[in-house]
Amino acid sequence: MNVLIVYAHPEPKSFNGAMKDLACQTLQGAGHDVTVSDLYAMRFNAVVGPEDFHGERADPDFLRIASEQTKAFETGSLSPDIVAEQEKLKRADLVILQFPIWWFGMPAIMKGWADRIFARGFAYIAGRKYDTGLFRGKTAMLAVTTGTSADTYAPDGIDGDILSVLWPVHNGLLRYCGFDVLPPFVAHMPGRVGQSGREAYLEAYRKRLIDLDNTPKLFFHPAQDYGPNERLKPGVLARSGVQRNV
């Protein structure tokens with residue numbers, strides 16, 4: 001496979017850095033080609049703005065990001081740093097997003113990477129989402145760390161079910177664009193589990209990476225489960241993420 005690891009942590013010696021390094025070694029050792037986008041090391045610009053569009057604007061008087069992204073993608077006039085990341089995504093069979101969970105989400109630099117790289121026209125377009133998304137056939141996985149325990153992220157934990165916390169990324173970004181999504185690999189509070197605990201996390205992550213083909217994908221309701229109003233049809237039991245029957 002071609003693997004793209006998008007990595008967001010400002011400290012190379014962090015546990016996120018160790019996970020990224022382990023993933024590179026393990027996947028390359030298994031014969032895969034691995035590319036890393038180290039967003040902090042790249043000083044990646046996470047801010048969407050008019051500088052993203054180098055050609056004639058769709059509307060020079062009012063900035064509508066979606067329409068400008070579409071025109072710039074179609075005319076080949078997106079900023080070169082955007083195009084470079086999009087080319088990595090095009091080649092990738094597997095995408096791993098590696099980051100610490102900060103304030104119940106991705107670090108701002110990774111959110112900005114998604115905002116700019118998953119441009120309309122390239123990553124999504126009218127009528128192509130979820131089951132028919134433009135990245136259908138590709139697989140994605142989150143590899144994350146938390147600052148608190150597994151208990152706090154349990155379904156009855158104070159922080160909420162980890163799959164619910166990550167739903168905006170799993171469903172709203174990855175599945176929306178057509179990816180098959182693997183369950184996240186979560187290392188809970190690695191700074192507080194000691195050296196043996198961190199080694200155990202890395203060994204568990206190594207085993208996950210070498211057994212990706214046998215890892216069941218997260219469940220998302222297929223298009224036929226929804227009615228014309230895009231709500232689950234009567235009688236369909238809600239089974240994914242934060243959805244529930246009402």
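Visitor: Which residues of H1 are buried?

Guide: Buried means under 20% relative accessible area, with a 1.4 Å probe and protein chains only. In H1 the buried residues are Phe15, Asn16, Gly17, Met19, Lys20, Leu22, Ala23, Cys24, Thr26 and Leu27. This is a predicted model, in which local features need pLDDT of at least 70, side-chain atom pairs count only at pLDDT 80 or more, and totals for chains, interfaces and linings use all residues. Residues are numbered from 1 along each chain as its sequence is written, and side-chain values use heavy atoms, with hydrogens and water left out.

Visitor: What do the buried residues of H1 pack against?

Guide: Contact means heavy atoms within 4.5 Å. Helices (H or I, at least four residues) and strands (E, at least two) are DSSP runs, numbered from the N terminus. The partners of the buried H1 residues include strand S1 (2–7), strand S2 (33–38) and helix H8 (194–210).

Visitor: At what angle do H1 and H8 pack?

Guide: Axes are lines fitted to C-alpha atoms, for helices over the stretch in contact, and angles run from 0 to 180 degrees between N-to-C directions. For H1 and H8 the angle is about 35°, and the axes lie 10 Å apart. Among the residues that meet are Phe15 and Leu22 in H1, and Tyr201 and Leu209 in H8.

Visitor: How many bridges join S1 to S2?

Guide: Two strands pair if DSSP finds at least two bridges between them. S1 and S2 run parallel, joined by 6 bridges; Asn2 has Asp33 in S2 as its bridge partner. Of the 6 residues of S1, 5 are buried.

How values were computed: Buried means under 20% relative accessible area, exposed over 50%, partly exposed in between (1.4 Å probe, protein chains only).
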